[in-house]
Amino acid sequence: MNKIKIDKMTKNYNVLLVDDHPIIISAYKQVFKKVESQNSNLSFKIYEANSFIDALNHLKRFNQKRKLHLLLVDLKLAPAPNHNLLSGEDLALQVKESFTEVKIMIATTYHHNYRIHSIFKSLNPDGFLVKGDIDEKEIEHAILDLLEDTPYYSKTVRNALRQYVSNDLLLDRLDRQILYELSQGTKTKDLSNILPLSSAGIDRRKKRLKEILDVIENDDKTLLQKAKDLGFL
């Protein structure tokens, strides 16, 4: 079945759970405890964070001797723009760059194809769960698969991947920063004072964003509403 092969030596894994809902983190922890109880060669040290700042404080303690093996992070967290963190995607990208052996699992309520495709193109996570798909058993399967170097995607994610089209749905960090700043009330003319882009570069990116998100109207309000609907804000 979906069991790890028994090994004489216990395998110890450090796991960081990042979600701003304590009840969800508690549910994840219970599943890890269940996996541990059913696999005598597995041991998990769980670290939990309810915000980006909490997560960054934990990450400072990991290094070559104290490795981070698994990150499970929600996409929707309160932004920390001073740390260039606007969503869980940004945190995952930082972790992936710093910890080469880490397995990254995204968990989110977002289910739009645009957002799912964008995550795969920028991050290519080892696991991707849409919360509406999952129950305790599915999370258990996801954990075991990742530990065996097998990617795990929940039903909605698998369906989105099957419907993949050639459109370039990638919104990079600067695109998402433009959307974030506009959502905070920053004027387009002032964005070049905040971001490393010229005014012309910002205009080109805004035009591209409207094309990607299929926004016909010229006003930013429609663009921001579409970005929010698709999970980019």
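How far apart are the end C-alpha atoms over residues 14-146, and what percentages of the chain are helix and strand there?

**View 1. The annotated region, residues 14-146, in a predicted model.** The end C-alpha atoms are 13 Å apart over this stretch.

**View 2. A positive surface patch with Arg 66 among its members.** Lys 45, Lys 60, Arg 61 and Arg 66 form the patch. Arg 66 sits in the loop that runs between α2 (52-59) and β3 (70-74). Its relative accessibility is 32%, so Arg 66 counts as partly exposed. Patch membership requires over 30% relative accessible area and no salt bridge.

**View 3. Asn 84, a residue other than glycine with positive phi.** The phi angle of Asn 84 is near 60°. Asn 84 belongs to the loop between β3 and α3 (88-98). Is Asn 84 buried or partly exposed? Asn 84 is partly exposed, because its relative accessible area is 39%. The partly exposed class lies between under 20% (buried) and over 50% (exposed).

**View 4. Asn 124, with a positive phi although not a glycine.** Phi of Asn 124 is about 50°. Where is Asn 124 placed? Asn 124 is in the loop between α4 (113-122) and β5 (127-130). Relative accessibility is 46% for Asn 124, so this residue counts as partly exposed.

Terms used. Residues are numbered from 1 along each chain as its sequence is written. This is a predicted model: local features need pLDDT of at least 70, side-chain atom pairs count only at pLDDT 80 or more; totals for chains, interfaces and linings use all residues. Side-chain values use heavy atoms; hydrogens and water are left out. Patches are made of residues with over 30% relative accessible area and no salt bridge: like charges are joined within 9 Å, nonpolar side chains (Val, Leu, Ile, Met, Phe, Trp, Tyr) within 5 Å. Accessible areas come from the Shrake-Rupley method with a 1.4 Å probe; for residues, only the protein chains shown count as cover. A salt bridge is a side-chain nitrogen of Lys or Arg within 4 Å of a carboxyl oxygen of Asp or Glu. Lys and Arg count as positive and Asp and Glu as negative; His and the chain ends are not counted. The place of a charge is taken as NZ of Lys, CZ of Arg, CG of Asp or CD of Glu. Helices (H or I, at least four residues) and strands (E, at least two) are DSSP runs, numbered from the N terminus. Buried means under 20% relative accessible area, exposed over 50%, partly exposed in between (1.4 Å probe, protein chains only). UniProt positions are given in the numbering used here, feature names are shortened, and annotations may be inferred rather than shown by experiment.
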